Amino acid sequence: MLDYERLLEEDYLEIGGKRFRSRLIIGSGKFKSFQENKEVLEASGAEIITVAVRRVNITDPTKENLLDYIDPKKYQILPNTAGCYTAEEAIKTAMLAREATGINWIKLEVIGDQKTLLPDMEETLKAAKFLVKEGFVVLPYIFDDPVYARKFEDVGCAAVMPLTAPIGSGLGLQNPYNLIFIKESVSVPVIVDAGIGSAADIPPVMELGVDAILTNTALAEAKDPIKMAVAMKYATIAGRLSYLAGRMPKRTYAVPSSPLKGIPYKT
Amino acid sequence: MKVFVNGRELEVSERISLLDLLGLLNMEVKAFGFAISVNEEVVPKSRYGEYILKEGDKVEIVNIVGGG
């Protein structure tokens, strides 16, 4: 057993009654091929992967399927409602996703603005309420708003997934304080869902006590997605261990590391 | 009669079932990663054979693709 595995032996990510070892969740969009996607998934150590629901091309329906490459028995498939702009659209998409996969987990996304892809929190909450009642395990993509985060927990969401920067922006951690407040205001897992640009962006987020990271574009658009997946795997572990280890306080002035007494040649 | 499949108008014979429509489109029903709704209501896979389409029905045929 590796050092980090021993140290994290009792450390699970628990969502909707299921336990996961990995705190890195990956998307499956924008990869060059299904094969590359599969290799990235394996390299990342992720156990959860998001997918989308789209119309079949009726003039060319015989194309290969992503699920021919990713074994749903081995990985938790997390269908999303990406592209939906109202609660109603998101609910209908979630119903199709459940029928298509037999999985009642849904990454709920209701977008409010095309340019920033920021969520419409009112519509997202409306859809979340409905889908929880329909028996879905709902993981909503939300703004990093601690007040709203609690509302999502109150209606029965299995986790909350705040952004740290807009989807696909790769801007990294923008508002650590909001994530700290969200961690304080809810007891369900907090998964940072958007804004990660590279492996280096992950430890500062995980160090805040955030439970998991979801990333897609930073992998798909990396020059070498497999190397980035490995880097992200260890960045997530490093961030988690650093959080559990507890950081030293920040100070304005220097504090020497070596003893002040007994310095040679000092009178 | 006319029906709409994934937003496209299609001329089909009267009393065609969903299963027949899929045959017409050269599509096979996959147990996993495939779903259909008619007029925004999901139709379970077990009912494709008995589900008869009506004039103007809006059929959505979806599958699972990569997404974040």
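Where does Asp201(A) lie in chain A? Asp201(A) is placed in the loop between strand E9 (191–192) and helix H7 (202–206) of chain A. Helices (H or I, at least four residues) and strands (E, at least two) are DSSP runs, numbered from the N terminus. The model is predicted: local features need pLDDT of at least 70, side-chain atom pairs count only at pLDDT 80 or more, and totals for chains, interfaces and linings use all residues. Residues are numbered from 1 along each chain as its sequence is written, and chains are lettered from A and ligands numbered from 1 in the order in which they are written.

Asp201(A) is buried, because 24 other C-beta atoms lie within 10 Å. A residue is called buried if 20 or more other C-beta atoms lie within 10 Å of its own, exposed if 12 or fewer, and partly exposed in between, with C-beta atoms placed from the backbone. When residues up to four places away in sequence are not counted, Asp201(A) touches Gly172(A), Leu173(A) and Ile196(A). Contact here requires that the C-beta atoms of two residues, placed from the backbone, lie within 7 Å. Gly172(A) is 29 residues from Asp201(A) along the chain, and their C-alpha atoms are separated by 5.4 Å. In the segment after helix H9 (225–245) of chain A is Lys261(A), which counts as exposed because it has 6 C-beta neighbours inside 10 Å.

Chain A contains an open sheet of three strands in the order E6-E7-E8, with parallel pairing. Strand E6 (105–108) and strand E8 (161–162) of chain A stand at the edges; each has a single partner strand, so one side of each is left without a neighbour in the sheet. Strands are taken to pair if DSSP finds at least two bridges between them. E6(A) and E7(A) are joined in the parallel sense over four bridges, and Trp105(A) stands opposite Val137(A) in E7(A). Strand E7 (residues 137–142) of chain A also pairs with E8(A) in the parallel sense, over two bridges; the bridge partner of Tyr141(A) in E8(A) is Met161(A).

In a regular strand the side chains alternate between the two faces of the sheet. From E7(A), Val137(A), Leu139(A) and Tyr141(A) point one way, while Val138(A), Pro140(A) and Ile142(A) point the other way. E7(A) is mostly covered, with six of its six residues buried.

A right-handed β-α-β unit is made by E6(A), helix H4 (residues 121–133) of chain A and E7(A). The chain then crosses from E7(A) through helix H5 (residues 146–154) of chain A to E8(A), and this β-α-β crossover is right-handed. The term right-handed applies if, with the strands pointing away from the viewer, the path from the first strand over the helix to the second runs clockwise.

H4(A) has 13 residues and reaches 18 Å from its first C-alpha to its last, close to the expected 18 Å; the expected span of a helix is 1.5 Å times one less than its number of residues. The buried residues in H4(A) include Met121(A), Glu123(A), Leu125(A) and Leu131(A). The cover over the buried residues of H4(A) includes helix H3 (87–101), E6, E7 and H5 of chain A. Just after H4(A), Gly135(A) takes a positive phi of about 90 degrees.

Chain B has one helix and five strands, which follow the pattern β-β-α-β-β-β along the sequence. Its radius of gyration is 12 Å, close to the 11 Å that the globule rule gives for 68 residues, so chain B is as compact as a globular protein of that length. The radius is taken over C-alpha atoms, and the globule rule is 2.2 Å times the number of residues to the power 0.38. The C-alpha trace of chain B spans about 40 × 25 × 20 Å along its principal axes. Of the 68 residues of chain B, 26% count as buried.

Between the chains, 24 residues of chain B are in contact with 29 residues of chain A. Strand E3 (34–38) and strand E5 (58–66) of chain B each supply at least two residues of the side of chain B that touches chain A, and E5(B) gives the most, with seven residues. Strand E4 (residues 48–55) of chain A and E5(B) pair in the antiparallel sense over five bridges. Within this pairing, Ala52(A) has Val65(B) as its bridge partner in E5(B).
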